[in-house]
Amino acid sequence: MSDVVLKGLRKSFGALEVIKGVDLHVASGEFCVFVGPSGCGKSTLLRMISGLEEQTSGMIEIGGRDVSRAEPKDRGIAMVFQSYALYPHLTVRENIGFGLSLARRPKAEIAEKVAEVARVLQLEDYLDRKPKALSGGQRQRVAIGRSIIRDPQVFLFDEPLSNLDAALRAQMRIELTELHARLGTTMIYVTHDQVEAMTMADKIVVLNGGRIEQVGAPMDLYDNPATPFVAGFIGSPKMNLYEGETARALGAGSVYGIRPEHVTLSESGGLWTGTVRHVERLGADSIIHIEATGLGPLVARVEGHRAFAPGQIVHASPIDGREVRY
Amino acid sequence: MQRRSPYPYWFLLPAGTIFAVFFLVPTVASFYFSLTYWDPFEARFAGFENYQQFFSEPFLARGVMNTLIFAVLTSGLKTVLGLLLAVLLTSGLLGQSLLRSVVFFPVLVSTIGVGLLFQELMHPTEGAINVALEAVGIDGPGWLTNPSLALVSVALVDVWRGVGLATLIYIAGLATISPDYYEAARIDGATRWQQFWRVTVPLVRPATTTVIILSLIGGLRLFDLIWAMTRGGPGFASDVLASVIYKQYQAGFWGLSTAGNVILFLLIALLIVPLALHLNRREADL
């Protein structure tokens, strides 16, 4: 039992309210990702769960226990920081065992647990090194090791991959997902990267301006975005969104959206006609930027590298049933 | 490979000349003059006689011991108090900036002024310190007149005067420690004391090295404060190397005092260079 429940959580810094009433239930064992643009309050929310930041009002329950006013160490959580926060003067071994040595556990017990964690994270060969002698990915694993050793009910991750290069980030995404599967512990993960959210999460919480926009499984959010913000935020390249008169002409109340991968292109016959402005060829598929008459900019994603060239006139249509209307 | 143009070296000339005239030449010259009997008109070569005489001075051993005690005591106190004050003055205390100025203020006051002021304050019967102690029923000691206390009294005044600089260096050092380290420690359950001892102290070590080295050098060659407060007295109780050297110079033994200066220079170099190497090597581990 390590559910995390947030009830009416609010946080103000002076007159500025940054978290404006958040209610959320993260089920035991779930991998929950908080995602949103910078300044949306996702890190603040995580820090409130950790106890590093005190909420202005509202309640936090971890494992059925009200921890709203508990010290961070008494909440049963462990946290991995964006900077990793590895102590530069300690070896990997000492860094991983730091929490246990603070608690004055017997040396033999610390050594045994450190060895166990090092084995799980494949850090055995690096135990006597200092953090500066490690690569970014290894430092990341040490930071995770320092969390695992505390055997927490809930892991908190604050943008842990943002200091890594793209290739390593992709690898660490897989490692973290596997680790979650192995440990089965509740994990709450903050990121601004919707790719990380989509690929790792059981449940995504989209935040915007201190409020939850939508909570759901990745594919739920992708297929049925509850608000135009979620529609625009989830998915890459971004969904094409149109407002006002254009949206109403397409049968929407205020906003009409269609994802680039749900636009079909042809050389004759289609709902919209436009001129190709720019083509991005990614190999497996291509992103076609079109200036469509009566619509404006339209982005389409097509398989392979079909021969569209800038200046070419194309016809585009939305796939039935994949449009979103608000 | 292209030959390096001599052009940039011309820019070294002005600073180099000043450095040579006011530092290099006098330093080298003092090595020579320490081997002579000299006055403004002539210098007579004397071999190592000055050194022999210096080491046979009856109060020399006392002076060297006092110098070391003074340097270690003031350096230690400045390091410990400087760190504690810096931690206090970065902890979000009310009136923090005002207090920082107050702590730093003595650094700006002339040493002679500080010395004379404390000479008055530490007067055995009329000084404010003993008058205040008397008011609460304590019979204050003769701070500067008691031979076994005089050196320590001057050392305490030197700490008062110099702790502001140590604090300033530590405040700069503390500012470089990322708050993440403290937050990670809090999540791991570190108490305030553990955060200080296991995060702050090791991570602020570059500042500690600077404070130790600067205050040790300052302590080893201290002269002005001792001279203003005790002139090495009572008797020779608070004489340090620098005041011994000055007394020989006053008495007209210029060659002898030059030899003393060379010895002080070598003593400082022998203590500081290995210490600095050691501390910097440990720092490089960070």
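## Strands in chain A

Let's start with one residue pair: E61(A) has D66(A), in β5(A), as its bridge partner. This is a predicted model, where local features need pLDDT of at least 70, side-chain atom pairs count only at pLDDT 80 or more, and totals for chains, interfaces and linings use all residues. Residues are numbered from 1 along each chain as its sequence is written, while chains are lettered from A and ligands numbered from 1 in the order in which they are written.

Strand β4 (residues 57–62) of chain A runs antiparallel to β5(A), with two bridges between them. Two strands pair if DSSP finds at least two bridges between them. Helices (H or I, at least four residues) and strands (E, at least two) are DSSP runs, numbered from the N terminus. Zooming out, there's an open sheet of four strands in chain A, ordered β2-β1-β4-β5 with antiparallel pairing. At its edges sit β2 (16–26) and β5 (65–66) of chain A, each pairing on one side only.

## Annotated domains

An unreviewed UniProt entry has the annotation "domain: ABC transporter" on residues 4–234 of chain A. Over that stretch, chain A is 36% helix and 26% strand, with the end C-alpha atoms 24 Å apart.

For chain B, the UniProt annotation (unreviewed entry) reads "domain: ABC transmembrane type-1" and covers residues 64–275. Here the chain is 75% helix and 0% strand, and the end C-alpha atoms are 19 Å apart.

## A helix pair in chain B

Helix α7 (residues 150–175) and helix α10 (residues 205–220) of chain B have axes that come within 8 Å and cross at roughly 160 degrees (lines fitted to C-alpha atoms over the stretch in contact, with angles from 0 to 180 degrees between N-to-C directions). That makes α7(B) roughly antiparallel to α10(B), a label for angles over 145 degrees.

On the α7(B) side, the residues that meet α10(B) include G162(B), A166(B) and Y170(B); their counterparts in α10(B) include P206(B), T210(B) and G218(B). Contact here takes C-beta atoms, placed from the backbone, within 7 Å. By class, this contact has seven nonpolar, five polar and no charged residues (Ala, Val, Leu, Ile, Met, Phe, Trp, Tyr, Cys and Pro are nonpolar; Asp, Glu, Lys and Arg are charged; the others, Gly among them, are polar).

## Where the chains touch

Across the chains, 15 residues of chain B are in contact with 18 residues of chain A. On the chain B side, α8 (179–187) and α9 (192–203) are the elements giving two or more residues, and α8(B) gives the most, with six. That side divides into seven nonpolar, three polar and five charged residues.

Technical notes: Angles under 35 degrees count as roughly parallel, over 145 as roughly antiparallel, 65 to 115 as roughly perpendicular and the rest as oblique. Two residues are in contact if their C-beta atoms, placed from the backbone, lie within 7 Å. UniProt positions are given in the numbering used here, feature names are shortened, and annotations may be inferred rather than shown by experiment.
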